[in-house]
Amino acid sequence: MGSTNWLGTKISLEGMKEMNIENPSREEIGRILKKAKRIAVVGLSENPEKTSYMVSEAMQRAGYEIIPVNPTAAEEILGVAPVKTLKEIEGHVDIVNVFRRSEYLPGVAKEFAEIDADIFWAQLGLYNQEAYDFLKEKGYTVIMDRCIKVEHAITK
């Protein structure tokens, strides 16, 4: 079993599972972003050259409160003291935006459910069927493989 990517290179699909992930419509994503105020960013880097930092900085400039979630960060990120886990955040969280590799999404999804945030958002390139199914079965809104900064710009 194989296929060809956009460069014409043969790729093997052997061992890959079919994903059944359906994101909300662009209109619904726009409503979500207009309503949300607090975004916890799991995996937010202290490094200004990292994508997680640049995306979070743009969202902060757009008026969102950014809560860095990074167990190894020693200093403030974007002027905010980081927390080690989602459970350490005081108050309600509207969106949990995840910048961790796809294999870590099930663990983040379980912690997300414990804090009862509104929206689970896995950044562009990140998706996991197990995490998706777990959260959808609990009635949560899940967005995967989408960049929150791009969606914000498109749906303004």
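## Strand pairing

Two strands count as paired if DSSP finds at least two bridges between them. In this predicted model, E6 and E7 are joined by three bridges and run parallel. Within this pair, Trp121 stands opposite Ile143 of E7.

## The sheet

E6 and E7 belong to an open sheet of five strands, ordered E4-E3-E5-E6-E7, with parallel pairing. The edge positions are taken by strand E4 (65-69) and by E7; each has a single partner strand, so one side of each is left without a neighbour in the sheet. From one strand to the next, the twist averages 20°.

Strands of a sheet pair through backbone hydrogen bonds, either parallel or antiparallel.

## Helix H4: buried and exposed residues

Helix H4 spans residues 129-137, and its buried residues are Gln129, Ala131, Tyr132 and Leu135. Viewed down the axis of H4, these buried residues fall within an arc of 160°, so they line one face of the helix. Glu130 and Glu137, on the other side of H4, are exposed.

The cover over the buried residues of H4 includes helix H3 (105-115) and two strands, E6 (119-122) and E7 (141-143).

## Helix H4: the ends

At the N-terminal end, H4 is capped by Asn128, which has a side-chain oxygen 2.9 Å from the backbone nitrogen of Glu130. Glu130 is also one of the exposed residues of H4.

After H4 comes Gly139, with a positive phi near 90°.

Notes. Residues are numbered from 1 along each chain as its sequence is written. This is a predicted model: local features need pLDDT of at least 70, side-chain atom pairs count only at pLDDT 80 or more; totals for chains, interfaces and linings use all residues. Side-chain values use heavy atoms; hydrogens and water are left out. Buried means under 20% relative accessible area, exposed over 50%, partly exposed in between (1.4 Å probe, protein chains only). Helices (H or I, at least four residues) and strands (E, at least two) are DSSP runs, numbered from the N terminus. The arc is that of the directions from the helix axis to the C-beta atoms. Contact means heavy atoms within 4.5 Å. A polar contact is a pair of N or O atoms within 3.5 Å; within protein, one must be able to donate a hydrogen and the other to accept it, and residues adjacent in sequence count only if both atoms are side-chain atoms. Axes are lines fitted to C-alpha atoms, for helices over the stretch in contact, and angles run from 0 to 180 degrees between N-to-C directions.
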